Amino acid sequence: MSELNNLLSSINLSDNPDTWKWNLDNSGLFTTKSLSSILDNLKLETHTPTFKTPRNKLIPQKINIFIWRVILGRIPTRVELDKRNIDLDTILCPLCNSHVESMEHILFQCTVTEATWNSILAWWNLPTNTFSNLHDTTLTDQTFTTSTLGKYIWQATKWTTIYMIWKNRNAKVFSKKDWCPATILSEIQAQTFSWFSKRSKKSSLEWHQWLINPSFYTSLNIQRMGIG
Ligand SMILES: [Zn+2]
């Protein structure tokens, strides 16, 4: 009873209604931005000192989160599952069946995946040696354009491609769906167009132009597209 009295001694009850308070921010209000900033400080900086949580406004948050997991190496490939003693029939890549399935392999180095990357580069009219590894494609701002919008669009296209490769890999592994490069390319083209159009205030993306020459949009300025 004495302990209880001690605990309650500093508490003043009022007639105001109860409210929630977010103790991790001085304002007392919860925002995803404040949580993201706390996580950046606590976690990301210990892994990648110069890297902030990926955020590209042209694509949904689920893609940004997926890319964050890729950067941290938290993708449940067969090699990673095997490291955690999960019993698997094989640790070989489900697409080529000739290399172990590491994250770098399935997303970038597999000959099957490489064909998808090459089809993206061909669509963008870029040489096939534009980038070659995980670091080039996700961690750096490596790009072929100096325009801000161009960087956004190209980054969002790369990240969507990485996401779609993993999504289709899962469909093959878990639903026995055939891997079809032409369908995957079409899916990436349609999805990026849909996402970019919705997030561009002026909806100035034109489907035919996007399909034939997406690089056209990388030379436009950001105000014209209404993104920023
Ligand atoms: Zn493979």
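Me: What share of the contacts in the protein with a separation of 6 or more comes from residues 24 or more positions apart?
Reply: Such residues account for 54% of them, where a contact means heavy atoms within 4.5 Å. The model is a predicted one, in which local features need pLDDT of at least 70 and side-chain atom pairs count only at pLDDT 80 or more, while totals for chains, interfaces and linings use all residues. Residues are numbered from 1 along each chain as its sequence is written, and side-chain values use heavy atoms, with hydrogens and water left out.

Me: Where in the protein is confidence lowest, and where is it highest?
Reply: Helix α11 (residues 222-225) is lowest with a mean of 48, and helix α4 (residues 78-83) is highest with 95. The scale is pLDDT, the predictor's confidence in each residue, from 0 to 100. Over the protein the mean is 84, and 82% of the residues reach 70 or more.

Me: What does the secondary structure of the protein come to?
Reply: There are 11 helices and zero strands.

Me: Why is Gln189 called buried?
Reply: Its relative accessible area is 10%. Buried means under 20%, exposed over 50% and partly exposed in between, with a 1.4 Å probe and protein chains only, so Gln189 at 10% is buried. The residue sits in helix α9. Apart from neighbours within four places in sequence, Gln189 contacts Trp123, Trp207, Trp210 and Leu211. Across the protein, 41% of the 228 residues are buried.

Me: What makes a set of residues a nonpolar core, and how many residues has the largest one?
Reply: The members must be buried Ala, Val, Leu, Ile, Met, Phe, Trp, Tyr or Cys, joined through side-chain atoms within 4.5 Å. The largest such set here has 41 residues, and Phe66, Leu107, Trp124, Ile153, Ile162, Phe196 and Trp210 have the most contacts inside it. At least two residues come from each of α3 (61-71), α5 (103-109), α6 (111-123), α8 (148-175) and α9 (181-199). The largest share, 10 residues, is that of α8. Within α3, the buried residues include Phe66, Ile67 and Trp68.

Me: Which residues are the protein donors of the zinc ion?
Reply: Donors are N, O and S atoms within 2.8 Å of the metal (3.2 Å for Na, K and Ca), and sites may look incomplete as water is not among the atoms. Cys93 (SG), Cys96 (SG), His105 (NE2) and Cys110 (SG) lie 2.1 to 2.3 Å from the zinc ion. Their spacing in sequence is C-x2-C-x8-H-x4-C. Cys93 belongs to the loop between α4 and α5 and His105 to helix α5, so this pair ties together parts that are 12 residues apart in sequence. Cys93 and His105 are both buried.

Me: Why is the arrangement around the zinc ion called tetrahedral?
Reply: Four donors count as tetrahedral if all angles lie between 85 and 135 degrees. The four donor atoms subtend 105 to 115 degrees, so the arrangement is tetrahedral.

Me: How do you know that Lys167 forms a salt bridge with Glu187?
Reply: The rule asks for a side-chain nitrogen of Lys or Arg within 4 Å of a carboxyl oxygen of Asp or Glu. The closest N and O atoms of Lys167 and Glu187 are 3.0 Å apart, so the pair meets the rule. Lys167 is in helix α8 and Glu187 in helix α9, so the bridge ties together parts that are 20 residues apart in sequence. Lys167 has 39% relative accessibility and is therefore partly exposed. The count by this rule is four salt bridges.

Me: Which residues do salt bridges with shared partners join into one network?
Reply: Glu80, Lys83 and Arg84 are joined. Lys83 bridges to Glu80 with closest N and O atoms 3.0 Å apart, and Arg84 bridges to Glu80 with its closest pair at 3.0 Å. Lys83 and Glu80 are three residues apart in helix α4, which means about one helical turn between them. Lys83 is exposed at 57% relative accessible area, whereas Glu80 is buried at 18%.

Me: What is the phi of Asn85?
Reply: Phi of Asn85 is near 60 degrees, a positive value in a residue other than glycine. Most residues other than glycine have a negative phi. Asn85 is in the loop between α4 and α5 and is exposed, at 73% relative accessibility.

Terms used. Helices (H or I, at least four residues) and strands (E, at least two) are DSSP runs, numbered from the N terminus. Four donors count as tetrahedral if all angles lie between 85 and 135 degrees; four count as square planar and six as octahedral if opposite donors are over 155 degrees apart and all others between 65 and 115; anything else is irregular.
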